[in-house]
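Morning, everyone. Have a look at it first.

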Amino acid sequence: MADRITLEVARYRPEREAEPVMQSYEVPLRPDWAILDGLNYIKDQLDGTLSYRWSCRMGICGSCGMTVNGDPKLTCATFLTDYAPGPVRIEPLPNFPVIRDLVVDIDDFMTKLPTVKPWLVRDEHEPVEKGEYLQTPEELDEYKQYSMCINCMLCYAACPVYALEPGFIGPAAIALAQRYNLDSRDAGLDDRHDVLSSDEGVWGCTFVGECSAVCPKGVDPAGAIQRYKLTAATRAIKDLLLPRGGR
Amino acid sequence: MSRRRSPEPFVWLLFSAGGTVTALLFPMLVFLFGIAFPLGWLSWPDHAHLLSVVQNPITKLILFGVCVLALFHWAHRFRYTLYDGLQLKRLSSAIIVLCYGGAVVGSVLAGLVLLGA
Amino acid sequence: MIETTGPYHRPISLFWWTRRRAYLVFVLRELSSVFVAWFVVYLLMLVSAISSGGDSYQRFQDWSGQVWVLALNIVSFLFILLHMVTWFGLAPKAMVVKLRARRVPPRAVLAGHYALCVLLSAIVAWLVLR
């Protein structure tokens, strides 16, 4: 195997260009290096002006999502040798405005997330002195998968509905809502219903399934969304047949 | 509490039911009546037999149900294909009338053909 | 203040669905609904022909053997198979079935759908061919 590999990196500097341009760099091809290590080499040794996000470098912070040869990936979890002999094309995640180089603006998600109330909603909060809320392993398993989301935005990058529909709240937001809906300590199903069961919520999803395919943590947001469609549809039937009394 | 009741959950249920029954029943029906009989791989059933099958009230009801669900399955799926595939969401009202209206018209025709047989 | 063009918004092509294999399969899957609707029409034409008597049934048989009708139905069959395979594949994700507090494994839900399909297809074939 060669000991160098070319990275073609998207550059976008709003003060000098109207559109992204590609710039090539040659980096060492070390067997233990991820794409992120290649980018850090560029920044340290070749071109300090390259802008990108990263933090934990171990697949838990969700900062380093980028498009690698057309696929949304965590660059800390994607290895250079898998793309040998290269070149490897690195671009920012699609479906988000590009601020600079590989950095995207995820304010849209940050605004949508709180609308699904991703926290424990209870009618009554027990006083701290009473101790912890107890939960069996089975109750934990009900929602554990959806709690694995690291907000890396790969699912939004892969979702064609999010690309086409500005209002769609998106896979991660719905999966996180389900994480709480299915948590035995939570009583917020009704509170989340209006946002989830709207055209911008689950009904906008056409089950393409790419969100689950690209998720690095196995959250399966597509499954979470379809399950809520069934929940909302069952509830709609019940409301039709047995209208809810005044609350 | 909740806003005006949206029809989305109901049309999605129709879509899902339609998708399920067509996935279960259409492969064999298309194979027999669309390919095997016309190609002569199997001989067409004789008229008297098919007439008795088609005139059976249970068959009529099941076929009617399948056709209605299949049409609403098409309507819902095609609506979103036009929204996303052809990016025609701005024509949403016309599309909704075309799709679900078409399904209603088709259902009425299905009723006339099947239940009047 | 440097003059700047601000954040870059990549435009969405009309052919976005050709860019990834998964998107292409998705769009084909969605288009299968058109062939489902076609077969409803064909089925109604068949029943109508049967109800109108032996002669119209014979005419339907001849018409169904015409090249373009046959081609359309062969294409429909392929699309309906695509619909069936993708539908059964996705059903376990939407349906979380609990049997005595344990979740039924997705593979079992999948197998159940195919088993039901085989059973119903056999019943249809028997009803038609006997």
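Let's begin with domains. Chain A is assigned two: domain 1 runs over 4-104, and domain 2 over 107-241. Keep in mind that this is a predicted model.

How far apart do the C-alpha centres of the two domains of chain A lie? They are 30 Å apart. The domains do touch. Domain 1 of chain A puts 12 residues into the contact, and domain 2 of chain A puts in 12 residues. On the domain 1 side, β3 (65-68) and β4 (71-74) of chain A each supply at least two residues. That side of domain 1 of chain A has 7 nonpolar residues, 5 polar and no charged.

Now chain A as a whole. It holds 9 helices and 7 strands. Its C-alpha trace spans about 70 × 40 × 30 Å along the principal axes. Chain A has 247 residues, and 41% of them count as buried. Next, its contacts. Take those in chain A with a separation of 6 or more: 67% of them join residues 24 or more positions apart.

On to chains B and C. Here 44 residues of chain C are in contact with 40 residues of chain B. Which elements of chain C give two or more residues to the side that touches chain B? They are α1 (21-51), α2 (54-64), α3 (67-94) and α4 (106-129) of chain C. The most comes from α1(C), with 17 residues. And the make-up of that side of chain C? It divides into 32 nonpolar residues, 11 polar and 1 charged.

That's the tour. Questions, please.

Note on methods. Residues numbered from 1 in each chain as written. Chains lettered and ligands numbered in written order. Predicted model: local features only at pLDDT ≥ 70, side-chain atom pairs only at ≥ 80, totals over all residues. Helix = DSSP H or I, 4+ residues; strand = E, 2+ residues; numbered from the N terminus. Buried ≥ 20, exposed ≤ 12 C-beta atoms within 10 Å, placed from the backbone. Contact = placed C-beta atoms within 7 Å. Nonpolar A, V, L, I, M, F, W, Y, C, P; charged D, E, K, R; others polar. Domains from an automatic or database assignment.
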